[in-house]
Amino acid sequence: MVYCIASRRAVMGLAWAGSLALLGACSEKKPVFNSIDISGGEMGRDFAIKDHNGQLRHLNDFAGKVLVVFFGYTQCPDVCPTTMTELVEVKRLLGKDGERLQPLFITVDPQRDTPELLKAYMANFDPGFLALCPTPEQLADVAASFKVYYKKVGDEKSGSYTMDHSAGSYVFDPKGRVRLFVRYGLGAQPLAADIAQLLG
């Protein structure tokens, strides 16, 4: 009889310990994002490209911040200004944490987007936003590392052309790891919620 009671207590103890272990495992849930979680992806290798101020930039320059990388060009009629305007709103929604957000605009039109033009373009949105000015060779390399598509459409000789390009953005966490792919048109509030999780 004593043996049965002891055995029953041992079984109950093991069951209780197992329940605690399961509860512990459940409490370590992975974050759920509105954007596409690409954690562990290999896109976005390091680069060495000058920004619109003439300063050479690398990925690790932005450690401690959430970095949002977007490829576009200043004469883009819709996708680019819409994305940049959304990032302005994301920064506002983040409040004081907005200072830890760094949008990085990489031009896919280095032929026309001079550093001066890019500086003025960034200032239209936020003077803290940065643009990179790659050479055509640097652009080909960095676009390939992000798996970004871009192509001139129209008369290149006359300068009357547009650029077809990928419309999504890439988000890196404060440790410099690529974490999210943001579809064009996601909206400022869902993106701000995602970035707040990465900053938290």
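The legends below describe close-up views of a predicted model. Residues are numbered from 1 along each chain as its sequence is written, and side-chain values use heavy atoms, without hydrogens or water. Because the model is predicted, local features need pLDDT of at least 70 and side-chain atom pairs count only at pLDDT 80 or more, whereas totals for chains, interfaces and linings use all residues.

**View 1. The aromatic pair F105 and Y121.** Seven aromatic pairs are found in the whole structure, a pair being two rings of Phe, Tyr or Trp (its six-membered ring) with centres within 6.5 Å, called stacked if the planes are under 30 degrees apart, edge-to-face if over 60 and tilted otherwise. The ring centres of F105 and Y121 are 5.6 Å apart and their planes meet at 55°, so this pair is tilted. With relative accessible areas of 1% for F105 and 10% for Y121, both residues are buried (under 20%, with exposed over 50% and partly exposed in between, for a 1.4 Å probe and protein chains only).

**View 2. An aromatic cluster.** One cluster of aromatic residues is formed by F71, F146, Y170, F172 and F181.

**View 3. Charges over the ring of Y161.** R112 lies over the face of Y161 at 3.7 Å from the ring centre, and K152 also lies over that face, at 5.1 Å from the centre; a charge counts here if NZ of Lys or CZ of Arg is within 6 Å of the ring centre and within 35 degrees of the ring normal.

**View 4. Contacts of I195.** Leaving aside residues up to four places away in sequence, I195 touches V66, V68, V90, L94 and L101, where contact means heavy atoms within 4.5 Å.
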